[in-house]
Amino acid sequence: MHRERRRRYWRTNLSYLAILLAAWFLVSFGCGILFVDQLDRYSFSGFPLGFWFAQQGAMYVFLLIIWVYVVLMNRLDRRFDVDERGGSE
Amino acid sequence: MSVQAWTFVMVGLSFALYIGVAIWSRAGSTGEFYVAGGQVHPTVNGLATAADWMSAASFISMAGLISFMGRDGSVYLMGWTGGYVLLALCLAPYLRKFGKYTVPDFVGDRYYSQTARVVAVVCAIFVSFTYVAGQMRGVGIVFSRFLDVDITYGVLIGMGIVFFYAVLGGMKGITYTQVAQYCVLIFAYLVPVIFISLMVAGTPIPQLGFGSPVAGGDTFLLERLNQLSVELGFHRYTAGQKGTFDLFCMTAALMVGTAGLPHVLVRFYTVPRVSAARTSAGWALLFIVLLYATAPAVSAFARTNLLSTVADMPYDQAPTWFSTWEATGLIRFDDHNGDGRVQYLGPNAEGTNELWIDKDIMVLANPEIAQLPNWVIGLVAAGGLAAALSTAAGLLLVISTGVAHDLLKKTFRPDVSERTELRTARVAAGVAVLIAGYFGINPPGFVAEVVALAFGLAAASFFPVLMFGIFWKRMNREGAISGMLIGLGFTLAYIGYFKFFAPELNSPAHWWWGVSPEGAGTIGMVLNAAVAVGVALCTPPPPDHIQDFVDDIRVPRGAGVSHQLDA
């Protein structure tokens, strides 16, 4: 495959990673640890909000992040023709 | 039927299932023994990964830990699930593209160095042994409590089962038995908590139930739990106790440790494609979250039930579960003031606490405390065994491949035939089962401590090296080796000092920056990365073929052939 295309593929992959990992950091270390006391002042269906993020919400967002990544990367692989269904490079 | 009869039925049926699956899926080649031929469907691999990952600690201990820690218990919930995001996004697809058999393989090839490979094997074997000892201990607890069998016999039966399918079937046998074990363990975990949630909160969904008002009233469950806790002198359940930076480091160490654990990483070598490795991580986390999102509900229900049952209870009216667990020594009552009542009091209360409860029994005793039918209790016992055995098998496989593949084939005798390699792998698995069994029967008093060590070491040794290996081409042999050694050395020293040499100093006042030994892996990881970068920049860059190697693992195409080339 062309060197330049390969570089662009990798760049796009890295930008997806940056955004998704930022979300990962925000819900776990952010909402669940650093700002948990501030969030606990609000209530969410019977839970203090920070407590909910720490014991429930963060995990649901983790799941969402992985599946979003799966979809994005499958699309990216096809766009740059590096997916595994095609022939050799 | 009695609890014991039901337990025999449940455990017996589940064991028969595992043996059947094991016979159906024997391994014939090293490729099947190490990575199940690389042809496992991503959903199946997700199920197997979930069972592999969720150990006796997740099934038996975690909810109990959370119910004593309250909000701070989230370090386990977020730490042990958040690692999968790192795995799915940063490691699994690339390791699958690399496609060889083990994690030390990747380290050895990427850093063109036998030294790096050997350091990695030693870490992998050490981490796996510390872990497997804990699993065998879990097997022993379940057997002795529910089947009234001596712990020794319990461990021996567990060893026999694991030996049978791990040694015969290798990764292929383990994969399919783990699928069966996942089904048993998740069913066993969910059934009692759904019952309890219906009884306590009037909803079958426990995740909603522990945020709901108590059935037949308008007080919220968590509020009631907070009141009960404060009345008895404990901290508010929904409030934190630990320092923010310590929580931060503990969570990070568990997350990164999860992503660096060799028995989990190796599961991603078993799927046929790179895209399947990504999907597989998604399935794995889904199946894990099914249990993990339920665990905090179990904790809150169990804690509420416990506090309202035992507080100021006359000792001679104690329920049956209380005396059965007292007989195992996991509940202790000491009537200090001689009034014949149980005073269960926290550190903030006046008066002396008279009750000591082992955190590990909360999940196992929960169905009894909530007075659920006997078959549910038997089911929980089978689930605990499934969790312990599935993890033990995955760990034993890492040890046996470490010995047969990384040490024998790749380091000492490259010319060894496939048959000898396979036989060595089986013998190594057998020896590992024996050693693990020994630790299960004679548990070292420090099982809980060494698990912290295992995560810390995985975080401080593997994770940075793997990340740099994929994301930074400039990282070279010298940087990787010095990074691993520094990370490992620091973490070992920090945890060793506070846990073994000077346990009396193990308190926030003496910790560096308030970081507990459980969080030391995070500091070790940062040190590892810093040293690795520094050394790499002062030494020559890696040779051209390594740069091509990195380019190659970054694109998915061509992953299907990597197994066939080596087989």
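α8(B) is followed by Gly202(B), whose phi is positive, near 75 degrees. Helices (H or I, at least four residues) and strands (E, at least two) are DSSP runs, numbered from the N terminus. This is a predicted model, in which local features need pLDDT of at least 70 and side-chain atom pairs count only at pLDDT 80 or more, while totals for chains, interfaces and linings use all residues. Residues are numbered from 1 along each chain as its sequence is written, chains are lettered from A and ligands numbered from 1 in the order in which they are written, and side-chain values use heavy atoms, with hydrogens and water left out.

Reader: On which residue is the kink in α8(B) centred?

Author: Helix α8 of chain B covers residues 151-201, and a straight helix of 51 residues would span 75 Å at 1.5 Å a residue. The expected span is 1.5 Å times one less than the number of residues. Between its end C-alpha atoms, α8(B) spans only 37 Å. A bend is the angle between axes fitted to the seven residues ending at a residue and the seven starting there, and the kink of about 130 degrees in α8(B) is centred on Gly170(B).

Reader: What span does α3(B) reach from its first C-alpha to its last?

Author: Of the 12 residues of α3(B), 10 are buried, so this helix is largely enclosed by the rest of the structure. Buried means under 20% relative accessible area, exposed over 50%, and partly exposed in between (1.4 Å probe, protein chains only). The buried residues include Pro42(B), Leu47(B) and Trp53(B). Helix α3 (residues 42-53) of chain B is close to the span expected at 1.5 Å a residue, and it reaches 16 Å.

Reader: Are α8(B) and α13(B) roughly parallel or oblique to each other?

Author: Two packed helices are described by the angle between their axes and the distance between the axes. Axes are lines fitted to C-alpha atoms, for helices over the stretch in contact, and angles run from 0 to 180 degrees between N-to-C directions. Helix α13 (residues 274-292) of chain B packs with α8(B) at an angle of about 30 degrees, their axes 10 Å apart. Angles under 35 degrees count as roughly parallel, over 145 as roughly antiparallel, 65 to 115 as roughly perpendicular and the rest as oblique, and α8(B) and α13(B) are therefore roughly parallel.

Reader: Is the crossing of α5(B) and α11(B) left-handed or right-handed?

Author: The axes of helix α5 (residues 74-98) and helix α11 (residues 244-260), both of chain B, come within 7 Å and cross at roughly 45 degrees. That makes α5(B) oblique to α11(B). A crossing is left-handed if the near helix is turned anticlockwise from the far one by less than a right angle, and right-handed if clockwise. The crossing of α5(B) past α11(B) is right-handed.

Reader: Is the crossing of α14(B) and α16(B) left-handed or right-handed?

Author: Helix α14 (residues 295-310) and helix α16 (residues 361-369) of chain B have axes that come within 10 Å and cross at roughly 60 degrees. The two helices are therefore oblique to each other. The crossing of α14(B) and α16(B) is left-handed.

Reader: How many disulfides does a search of the whole structure find?

Author: A disulfide is a pair of cysteine sulfur atoms within 2.5 Å. For Cys90(B), which is buried at a relative accessible area of 1%, the closest cysteine sulfur is in Cys249(B), 19 Å away and therefore too far for a bond. Over all chains, the number of disulfides found is 0.

Reader: What is the relative accessible area of Asp81(A)?

Author: Asp81(A) lies in the segment after α3 (49-79) of chain A. Although Asp81(A) is not a glycine, its phi is positive, about 55 degrees. Asp81(A) is partly exposed, with a relative accessible area of 43%.

Reader: What distance separates the C-alpha atoms of Met73(A) and Tyr9(A)?

Author: Met73(A) is found in helix α3 of chain A and counts as buried at 1% relative accessibility. Met73(A) and Tyr9(A) are 64 residues apart along the chain, and their C-alpha atoms are separated by 10.0 Å.

Reader: How far apart in space are Phe463(B) and Gly82(B), C-alpha to C-alpha?

Author: Phe463(B) belongs to helix α19 (residues 447-471) of chain B and is buried, with a relative accessible area of 9%. Phe463(B) and Gly82(B) are 381 residues apart in sequence, and their C-alpha to C-alpha distance is 14 Å.
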